[in-house]
Amino acid sequence: MTPHELIAVIDKHERWLKRQMGGARAMLALADLQGHNFSGANLQNCKMSGANLTECDFTGVNLTAADLFAARLNRAIMINCNLTNADLRGAHLRGARMKCAILRGADLRGGALLDRRNPGSVKMEPSDLRGAEMEDATLANANLAGADLSECSLVGADCSGAQMAGCNLTRSALKNTNFSGSDLRGVNLAGANLAGAKLRDCNLAGAMLTGAVLRNADLQGANLEGVDLSSVDMLGANFSRSAESFSATIQRILTAHQQWIVSNGEKGERADLEGQDLSHIDLIGANLGGSNLKGVNFSGAKLRDGMFVMADLSGASLQYADLTGATLDGANLRGSNLTGAKLDAAKVGSVEIKGPNGRGTGRKWPANLSNTILVQASLTRAMLRGANLSGADLRGADLTSANLLEANMRGAKLTDAITTGASLPEPDDDEDDFL
């Protein structure tokens, strides 16, 4: 088809859409249109099933409800193209440029194709979007089940409510992509970058995430059944796992500790969870006072309003954990990592030491935060009176209105820390200021 013939087809199609005389629907099924320019045209409801549209320019084209079943769109330019409710089953879009394209409600499932080499035989082929550039595209409620999206870029795209079960998204760029409420069962996300992605309430059951990056991603309410997170970068990710989702051994230890607390040590047993991986566990309001939590991985854990009086958390990993309102009086946090953690209104002070007769001795056991990493941590209104913060790294921490009177701050690093309204101890005679 010549360019002049194609222009005539497009003109008649636009007349057909307006119900004008001389109009006719564009029927371009199986046509070889490689390299043609359709930019700016209105081709909604056109029929291009099986057409060769390789390297065509569809910039700004309206393809709403278009029939593109099994069409070849490899390396096509589809920037700002409107593909709402389009039929793209079995379509090939490898290397297509689809920045800001709208695919809301589009069907990108596999399609049954006739095999020309074996007449009469039919085979299913997945939609091929390998290496497609789909930054800021809209795929809300689209059906991409089983599609191959490996090494594609969906940075900033809206995939909320999309059906993507069984998709191949290996090594794809998915930073800040919105997958809220989407079906991602069995999806392959190995090596994908999902930093900052929104995955709220999505179904990731059975998904493969080997080597994936989920830094600062929002996974609240996501179904992670059967997902192995051992090799996933989850730093700063927002999601929680109930205690019931951990091993039976962990659950027994937590239950026995609760009995030990309630019975004042007459029943149950003090918790010993040294070295355990409890990342992203939800223990809001739990009482783990006096427990052994050395080296425990509490990164991203929900520990708000928890009780950790006299607990041993030395060397623990608490990056981005939420300890808002928690009580850590007398706790040992020496050498622990609390980067980005929330300790707003937390109590991290001293415990009165009592003698054998149960009476106070007049001496106190301070919380130990020596050599603790608190970079970018939030400690607004925290009570740290008398705590040992020697050698602590508080660079960039927010200490607004915190109480640090009588705290040991020798060698503490406070570069870029916010101390507005904070009550700070007097510096030692041999130190002009904190580091």
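At 33% relative accessibility, Arg15 counts as partly exposed (buried means under 20% relative accessible area, exposed over 50%, and partly exposed in between, with a 1.4 Å probe and protein chains only). The side chains of Asp11 and Arg15 meet in a salt bridge, 3.5 Å from N to O (a salt bridge is a side-chain nitrogen of Lys or Arg within 4 Å of a carboxyl oxygen of Asp or Glu). Both residues lie in helix α1, residues 3-17, where they are four residues apart, about one turn of the helix.

Before going on, please keep in mind that this is a predicted model: local features need pLDDT of at least 70, side-chain atom pairs count only at pLDDT 80 or more, and totals for chains, interfaces and linings use all residues. Residues are numbered from 1 along each chain as its sequence is written, and side-chain values use heavy atoms, with hydrogens and water left out.

## More charged pairs

How many salt bridges are there by this rule? The count comes to 17. One of them joins Arg130 to Asp128, with the closest N and O atoms 2.6 Å apart. Here Arg130 is partly exposed, at 31% relative accessible area, whereas Asp128 is buried, at 4%. You can follow this pair into a network of salt bridges that links Arg94, Asp128, Arg130 and Asp148.

Another pair to look for is Arg185 and Asp183, whose closest N and O atoms are 2.7 Å apart in a salt bridge. Arg185 is partly exposed, with a relative accessible area of 43%, and Asp183 is buried, with 11%.

## Nonpolar cores

Now let us turn to the nonpolar residues. The largest nonpolar core has 77 residues (a nonpolar core is a set of buried Ala, Val, Leu, Ile, Met, Phe, Trp, Tyr and Cys residues joined through side-chain atoms within 4.5 Å). Which of its members touch the most other members? They are Phe38, Leu53, Leu63, Leu88, Leu103 and Leu139. Apart from this core lies another, of 51 residues, among them Phe298, Ala321, Leu343 and Ala387.

Not counting residues up to four places away in sequence, Leu103 touches Leu83, Leu88, Met98, Leu108, Met134, Ala137, Thr138, Leu139 and Ala142 (contact means heavy atoms within 4.5 Å).

## A loop between two strands

Ala286 sits in the loop between β4 (281-282) and β5 (350-354). Leaving out residues up to four places away in sequence, Ala286 touches Gly306 and Met307. The C-alpha atoms of Ala286 and Leu303 are separated by 7.5 Å, although the two residues are 17 residues apart along the chain.

## The whole chain

The chain has two helices and six strands (helices, H or I with at least four residues, and strands, E with at least two, are DSSP runs numbered from the N terminus). From the N terminus on, the elements run α-β-β-β-α-β-β-β. The radius of gyration is 30 Å, well over the 22 Å that the globule rule gives for 435 residues, so the chain is more spread out than a compact globule (the radius is taken over C-alpha atoms, and the rule is 2.2 Å times the number of residues to the power 0.38).

Along its principal axes, the C-alpha trace spans about 100 × 50 × 35 Å. Of the 435 residues, 48% count as buried.
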